Amino acid sequence: AKPGAYISAVSRHPQKLDIFLAAPDGSVMTAAWDQNVSKGAWRGWWSVAGGKIPSGAPVTVVARDPNKLDVFAVGNDGRVYT
């Protein structure tokens, strides 16, 4: 991530964390931590979707339940994507 880029974090379970950011190329990326996977090591980075947003732009995430995350971002075209 670029210095000063926004990072969003969400906990969907007491033993799980997910973080999201807009990479320098505009891809929305995520990494995850699960106390019970990979000996508690962080895993990732993975692309969330194929669209592009401004590099370093905010990505907002909410957890509706332990298995459902909703990710929101404004694309380069000014539209809101989820």
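Is Asp25 buried, partly exposed or exposed? With a relative accessibility of 49%, Asp25 counts as partly exposed, because the exposed class begins only over 50%. The model you are looking at is predicted, so please read each value below as computed from that model.

**Salt bridges**

- Side chains of opposite charge can pair when their charged atoms come close.
- Lys52 forms a salt bridge with Asp25, and their closest N and O atoms are 3.7 Å apart.
- Because Lys52 sits in the loop between β4 (43-47) and β5 (60-65) while Asp25 sits in the loop between β2 and β3, this pair ties together parts that are 27 residues apart in sequence.
- Like Asp25, which is partly exposed, Lys52 counts as partly exposed, at 40% relative accessibility.
- Asp34 forms a salt bridge with Lys16, with 3.9 Å between the closest N and O atoms.
- That pair links distant parts of the chain, with Asp34 in strand β3 (residues 28-34) and Lys16 in strand β2, 18 residues apart.
- Asp34 counts as buried at 11% relative accessibility, whereas Lys16 counts as partly exposed at 24%.
- Asp18 forms a salt bridge with Arg12, where the closest N and O atoms are 2.6 Å apart.
- In this pair, Asp18 counts as buried at 5% relative accessibility, while Arg12 counts as partly exposed at 23%.

**Asp18 and its surroundings**

- Asp18 is found in strand β2, which covers residues 16-22.
- The side chains of Asp18 and Arg12 are also joined by a polar contact of 2.6 Å.
- Asp18 is classed as buried because its relative accessible area is 5%, and the buried class covers values under 20%.
- Leaving aside neighbours within four places in sequence, Asp18 is in contact with Ser8, Ala9, Val10, Arg12, Ala31, Ala32 and Leu69.

**Asp34 and its surroundings**

- Asp34 has its place in strand β3 and is buried, with a relative accessible area of 11%.
- A polar atom of the Asp34 side chain lies 2.8 Å from the backbone nitrogen of Asn36.
- Apart from neighbours within four places in sequence, Asp34 is in contact with Gln15, Lys16, Gly40 and Arg43.

**Nonpolar core**

- The largest nonpolar core has 10 residues in all: Val10, Phe20, Ala22, Val28, Ile53, Ala57, Val59, Val61, Val71 and Ala73.
- Strands β2 and β6 (68-74) are the elements that give two or more residues to this core.
- What does Phe20 touch, not counting residues up to four places away in sequence? The contacts of Phe20 include Val10, Val59, Val61 and Val71, each of which is listed in the core too.
- Phe20 also touches Tyr6, Ile7, Ser8, Met29, Thr30, Val48 and Leu69.

**Nonpolar surface patch**

- Val62, Phe72, Val74 and Val80 form a nonpolar patch on the surface, and together they have about 330 Å² of accessible area.
- Val80, one of these patch residues, lies in strand β7 (residues 80-81).
- Val80 is exposed because its relative accessible area is 61%, and the exposed class covers values over 50%.

Note on methods. Residues are numbered from 1 along each chain as its sequence is written. This is a predicted model: local features need pLDDT of at least 70, side-chain atom pairs count only at pLDDT 80 or more; totals for chains, interfaces and linings use all residues. Side-chain values use heavy atoms; hydrogens and water are left out. Patches are made of residues with over 30% relative accessible area and no salt bridge: like charges are joined within 9 Å, nonpolar side chains (Val, Leu, Ile, Met, Phe, Trp, Tyr) within 5 Å. Accessible areas come from the Shrake-Rupley method with a 1.4 Å probe; for residues, only the protein chains shown count as cover. A salt bridge is a side-chain nitrogen of Lys or Arg within 4 Å of a carboxyl oxygen of Asp or Glu. Helices (H or I, at least four residues) and strands (E, at least two) are DSSP runs, numbered from the N terminus. Buried means under 20% relative accessible area, exposed over 50%, partly exposed in between (1.4 Å probe, protein chains only). A polar contact is a pair of N or O atoms within 3.5 Å; within protein, one must be able to donate a hydrogen and the other to accept it, and residues adjacent in sequence count only if both atoms are side-chain atoms. Contact means heavy atoms within 4.5 Å. A nonpolar core is a set of buried Ala, Val, Leu, Ile, Met, Phe, Trp, Tyr and Cys residues joined through side-chain atoms within 4.5 Å.
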